Amino acid sequence: MRSMRFWVTAMTRNRRAQNDSRQQSLDFGPVLYAAQVREQQTVTKTLRLLGSNAAATDADLDAARMRARAAVSMLQRHGESGIGPDIEDKLSLLMFCVFDALKNGSLCVGKEKFKRHLELYNDTMQRRASSAGKVFEPLAQTLTFEALVNELCNFGLVGLPGMTAGVGVFDGGPALLVSETTDAETLVYTQKSYAQEQTLGEYLARLGFDSVAVAKVDALHEAQRAATIALANRLTVISGGPGTGKTTAVVNILKCLIENDPEAIIQLAAPTGKAASRMKEAVANNVSRIEEKGIQEKLMGLEAKTLHRLLYTPGADGRTPSKNNPLQADIVVVDESSMIDIRLASNLFKCIDADRTKVILLGDRFQLAAVGPGSFFADVSDLKGPLADNISHLTKSWRFDASKALGKIAEASREGEELIVTDAFVENSDNDPRVDNPLRLHEDAPKGDLSASFKKWFENELSSPLKVIAELRRNRTEKSLHDAARELARLYFSVGVLASNREGPMSAQAVNAFAESIFVKEGIPYPAFRPMIVRRNDSMLEVYNGDIGVVMPGQSWFEGAEFDATQANVYFPDSARLVRFGLIGHIEPAFAITIHQSQGSEYHHVAVLMPQDPNSGLATRELFYTAVTRVRDERNGKQTTYGSLDVFGNLTVVKKALRTPVQRQGGLIRRIVEAKDRMQKTRR
């Protein structure tokens with residue numbers, strides 16, 4: 001019992017350390033300016049960041065050891081023979097490998113990173129033992145992943161596929177870990193991850209079973225092919241980069257489906273509130289091309305919801321959607337599907353009635369994968385996979401002119417073409433935006449939290465909103481609250497500062513702190529006139545994760561009163577709504593956001609803040625591609641003003657990102673194949 005209390009206490013301490021570091025992003029207090037204080041803050045933040053990483057490793061290790069100790073104790077109490085003195089460490093190591101894989105987006109773990117995990121485990125345990133005046137006997141460096149898994153399977157500590165319970169001593173209870181041997185290697189899952197993957201594979205196989213293949217066409221006619229797929233099948237996957245016409249294609253599909261069934265119930269959804277509002281806006285912009293008034297009105301009246309709201313909001317009968325209470329919909333359209341992790345995908349398809357509902361998934365398989373585990377959209381949109389007959393891949397970009405700088409760098413980033421990308425920065429740095437996209441690479445290292453070149457760029461971009469704010473403060477009684485809010489929102493959100501990291505040097509937090517220091521110097525009281533982003537869904541207020549807005553003073557300020565923070569409102573430009581600032585519980589400054597948060601958004605001017613360390617796990621092709629494709633050109637009649645891209649980071653980091661595609665381990669494609677095979681055998 002003492003040892004159990006020790007591990008629980010250690011886990012609690014490490015989780016507090018992580019929470020303390022994460023809480024920094026919610027600290028909106030005044031910024032101090034003395035040079036000495038700034039230096040101290042920089043050191044403190046750096047130490048906190050390092051501490052949070054160490055704490056995360058320790059927390060994973062503590063969780064692994066606690067579970068391993070409990071399992072091995074059960075074996076010992078039941079008199080299991082042949083238990084070696086290192087069996088607890090071996091089970092702890094395997095669990096630590098699995099936890100680390102899940103944290104980094106994989107659903108399972110194989111032998112690829114085993115040696116690194118083994119070294120990290122031994123080093124950490126030796127460090128702990130040394131500090132406690134004890135001795136730790138390291139696990140042998142010759143230990144292989146397969147030998148480790150086989151030994152633990154023999155004791156029933158790891159289960160096998162198809163088993164619903166453990167074996168031996170653990171008979172009747174679920175196995176914590178599940179091992180599967182494929183043609184290529186041995187893989188280990190948590191029981192939950194394996195079950196989610198297997199269940200999702202079955203749902204997808206059922207929707208994709210007996211799909212009608214549609215003949216290939218050229219790029220210009222692929223959208224029409226997508227409509228044919230959707231009309232013929234229950235599952236349609238439309239994959240394409242930014243500006244390839246995914247929304248235009250889906251509006252055409254919905255038009256055809258409504259013509260076949262005018263009473264069809266349609267649900268639009270996306271992973272975040274921001275993506276949902278963009279989806280509704282994009283659908284509305286395309287509806288004007290439809291001549292039939294009835295179809296126009298039906299599509300204009302559609303509401304786009306977050307997936308969480310769609311799946312977890314009780315209906316009129318008080319029940320939330322489930323396998324036994326499926327979504328009441330004939331058509332479900334999901335945008336930004338690359339942001340969906342395995343858990344959310346499993347919950348979504350569990351609520352789909354495969355005999356009634358058509359599902360249409362939209363996304364870009366080359367963008368960043370979900371924050372959570374799995375590569376759901378990359379798997380279902382694999383043209384060589386088991387759902388190939390359900391996939392339409394749009395390649396013609398209507399946003400990026402292939403002959404312009406941005407079109408070239410977008411395509412080269414997607415394909416990992418280092419030379420084309422690096423040449424693009426050299427050849428296009430001085431472009432006139434009336435002629436072509438300016439592309440600039442700034443390689444100076446940060447001094448403190450931010451580089452000198454970024455500060456100069458940012459101050460220049462911030463000057464326009466500051467001028468509007470200064471004019472507003474001088475003549476506030478002559479201004480309309482909504483007019484002022486719209487103008488500030490237009491200026492703020494035409495510029496995207498997109499950071500790889502949330503914390504540390506060249507991070508979103510560093511930019512937001514720098515912006516706050518400028519506002520305080522200007523005497524602008526907090527939180528007035530700051531751009532903000534919502535971090536959690538609140539269905540009562542109808543604000544959702546990813547929604548962006550500008551904090552505006554209350555009406556009394558426009559009538560001459562002093563600024564009162566309790567009366568401040570957030571103006572959300574996508575819905576033209578004002579929501580009281582103090583009611584939104586999870587909201588933070590959005591002068592800069594992470595690249596993950598920017599998915600689905602577009603900006604006329606984009607700054608990309610790359611990781612500082614070439615070995616950072618964030619320096620990936622998908623991250624760079626997602627960031628650079630946020631740029632949009634602005635067209636006014638026949639006149640085009642081309643968007644600009646400024647990348648702040650070392651060329652070595654950019655090159656490393658381009659040659660490092662994300663590799664997530666999982667077996668969803670295998671699950672779909674297996675489920676289809678079972679369905680085919682049942683039919684026979």
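Predicted model: local features only at pLDDT ≥ 70, side-chain atom pairs only at ≥ 80, totals over all residues.

Me: How many cavities of 30 Å³ or more does the structure hold, and what is the volume of the largest cavity?

Reply: A cavity here is a set of points where a 1.4 Å probe fits but cannot get out. The structure holds four such cavities of 30 Å³ or more, and the largest cavity has a volume of about 220 Å³.

Me: Which residues lie nearest the centre of the largest cavity, and how does its lining divide by class?

Reply: Of the 18 residues lining the largest cavity, Tyr-492, Val-495, Val-497, Ala-590 and Phe-591 lie nearest its centre. Helix H16 (452-474), helix H17 (481-492) and strand E11 (495-499) are the elements that each give two or more residues to this lining, which divides into 16 nonpolar, one polar and one charged.

Me: What lines the second largest cavity?

Reply: The second largest cavity holds about 60 Å³ of space, and its lining includes Leu-107, Glu-197, Asp-379 and Arg-664. By class, that lining has four nonpolar, five polar and three charged residues.

Me: How are the axes of helices H14 and H15 placed?

Reply: Angles over 145 degrees count as roughly antiparallel. The axes of H14 (residues 405-415) and H15 (residues 418-428) come within 9 Å and cross at roughly 160 degrees, so the two helices are roughly antiparallel to each other. Their crossing is left-handed, and the contact is made by residues including Ala-405 and Ile-409 of H14 and Val-421 and Phe-425 of H15.

Conventions:
Residues numbered from 1 in each chain as written. Heavy atoms only, no water. 1 Å grid on protein atoms, 1.4 Å probe; cavity = no way out; pocket = protein on both sides within 12 Å on 5 of 7 lines; lining within 4 Å. Points joined across faces, edges and corners; volume = space filled by probe spheres on them. Helix = DSSP H or I, 4+ residues; strand = E, 2+ residues; numbered from the N terminus. Nonpolar A, V, L, I, M, F, W, Y, C, P; charged D, E, K, R; others polar. Axes fitted to C-alpha atoms, helices over the stretch in contact; angles between N-to-C directions. Parallel < 35°, antiparallel > 145°, perpendicular 65-115°, else oblique. Left-handed = near helix turned anticlockwise from the far one by under 90°. Contact = heavy atoms within 4.5 Å.
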